[in-house]
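Visitor: I'm new to reading protein structures. Could you walk me through this one?

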Amino acid sequence: MSLTLLENIGTLLTLQGAAQKGGRHIVEEDLGILKNHSLLFSGEKIVWIGPHRKIPTEFRKQKMKVIPAREYTVLPGFVECHTHALFAGSRSAEFEMRLRGKSYQEIAAAGGGILSTVRATRKESLAGLIKKTQERVNQFQRQGVTTLEIKTGYALDEKNELKCLKAIRELRGPRIISTFLGAHAIPSEFKNENEYLDFLIQKIFPRLKPGKNSLADRIDIFIEKGFFSAAAAKKYLSAARELGIPTTIHADQLTLSGGTDLAVDLESQSADHVLQITDRQIQRLSNSEVTACLLPVADVYMKCPFPPARKMIDAGVRVSLATDFNPGTCPSMDISLVGLLARLEMGMSLPEVVSAYTVGAAYTLGLQSQIGSLSAGKSADFICTKVEWTDLFYSPGQEFVMNSYSRGRKIFSSSTYA
Ligand SMILES: [Zn+2]
């Protein structure tokens with residue numbers, strides 16, 4: 001196996017303390033900030049991190065590629081754990097209509113709304129979907145994202161949801177986690193939620209069973225008034241659990257509708273949005289292994305309040321942050337903006353934000369034993385930047401990543417784009 005040494009790193013953030021604390025109660029010391037250390041990886045895995053010049057003899061004797069890293073700040077690759085990046089069509093005109101005061105019904109009557117994305121996505125070819133989505137993946141990659149979650153949910157029929165799942169498996173670059181969100185909305189072909197969910201369980205779930213040919217890594221549902229009820233979701237997600245497929249929930253975004261409670265009851269990986277939750281749900285989350293995924297840019301686009309992040313974090317809830325990138329309610333892929341809003345509007349400290357986008361997000365996807373922090377045995381997923389760590393989540397739009405690696409492979413170099 002080929003050895004590579006990142007030699008004498010200017011500043012290394014390992015996030016080891018944050019990982020050991022399970023992403024809860026994070027302070028600056030948990031970032032594991034080290035000066036003049038080196039990192040050695042072999043194939044996909046990190047094999048050693050330690051002070052520069054103290055490489056163990058067993059490795060020193062071997063041939064290795066050396067990357068001088070004195071000018072770099074190196075940290076775990078960012079984990080973007082909630083996106084709807086797979087779709088066709090555009091909803092930009094609809095955004096202007098919404099801002100000019102048009103109602104949801106008027107927008108739908110003019111051909112807009114989620115069903116316009118469904119129409120365009122059903123019509124798009126597999127190759128077309130792969131091409132469009134790959135461009136978005138590249139956009140995330142430029143920002144230092146080395147693991148990216150992508151949901152389906154804009155096809156809502158058997159043939160096209162399977163097409164979308166297959167498209168996700170063809171994407172290249174970062175580690176891609178595929179989430180089946182067939183339960184995004186009830187398509188007009190079905191009478192009610194139960195009929196549609198039963199259809200998904202019968203027709204799609206067999207293709208999602210864990211194994212080599214599984215088409216998804218997790219299952220998601222949108223629990224909200226007018227979409228899916230907590231009662232119907234319970235049956236649906238329990239069926240997923242029986243097959244061994246991890247679950248996640250779009251929970252309590254517009255109304256308190258039972259999503260967070262269900263996530264705790266079913267030991268889901270995460271409850272996402274959670275901006276309507278009360279002290280009771282916060283308490284339950286803090287006593288559970290469910291990660292609360294916060295999506296503040298979506299809250300801005302939706303003109304919603306922000307989730308009670310400070311209260312959650314102080315109560316010991318593990319949080320993650322993500323974009324919620326989607327064509328309707330959050331067309332931004334900017335992870336710096338997410339972190340900036342968390343700092344400006346949600347009272348989160350910079351160490352809390354950095355941990356939420358690495359360790360917290362890794363937990364959200366059930367990948368905490370592999371990614372989110374840097375230590376021997378973990379995956380070689382990291383980014384090299386020329387800025388200080390205090391410049392992170394500070395200046396949206398700035399491109400600061402020089403190189404990024406996922407599973408020991410270089411997946412991005414800023415010079416390629418120069
Ligand atoms: Zn979402």
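Guide: Here are some questions and answers about this model.

This is a predicted model, where local features need pLDDT of at least 70, side-chain atom pairs count only at pLDDT 80 or more, and totals for chains, interfaces and linings use all residues. Residues are numbered from 1 along each chain as its sequence is written, and side-chain values use heavy atoms, leaving out hydrogens and water.

Visitor: Which protein donors does the zinc ion have?

Guide: Donors are N, O and S atoms within 2.8 Å of the metal (3.2 Å for Na, K and Ca), and water is not among the atoms, so sites may look incomplete. Along the chain, the zinc donors follow the spacing H-x1-H-x165-H-x73-D. They lie 2.1 to 2.3 Å from the ion, and they are His82 (NE2), His84 (NE2), His250 (NE2) and Asp324 (OD).

Visitor: What geometry does the site of the zinc ion have?

Guide: Four donors count as tetrahedral if all angles lie between 85 and 135 degrees; four count as square planar and six as octahedral if opposite donors are over 155 degrees apart and all others between 65 and 115; anything else is irregular. Here the four donor atoms make angles of 84 to 167 degrees, and the site is irregular.

Visitor: Is aspartate 324 buried or exposed?

Guide: Buried means under 20% relative accessible area, exposed over 50%, and partly exposed in between (1.4 Å probe, protein chains only). Aspartate 324 sits in the loop between strand S13 (319-321) and helix H14 (335-345); helices (H or I, at least four residues) and strands (E, at least two) are DSSP runs, numbered from the N terminus. With a relative accessible area of 3%, aspartate 324 is buried.

Visitor: And what is the phi of aspartate 324?

Guide: Most residues other than glycine have a negative phi. Aspartate 324 isn't a glycine, yet its phi is positive, near 65 degrees.

Visitor: Glutamate 267 has a positive phi too. Is glutamate 267 buried or exposed?

Guide: Its phi is about 50 degrees, although it is not a glycine. Glutamate 267 lies in the loop between helix H10 (259-265) and strand S11 (270-273). Its relative accessible area is 61%, so glutamate 267 is exposed.

Visitor: Which residue's side chain makes a polar contact with the side chain of glutamine 281?

Guide: Glutamine 281 lies in helix H11 (residues 279-286) and is buried at 4% relative accessible area. A polar contact is a pair of N or O atoms within 3.5 Å; within protein, one must be able to donate a hydrogen and the other to accept it, and residues adjacent in sequence count only if both atoms are side-chain atoms. At 2.7 Å, the partner is threonine 278.
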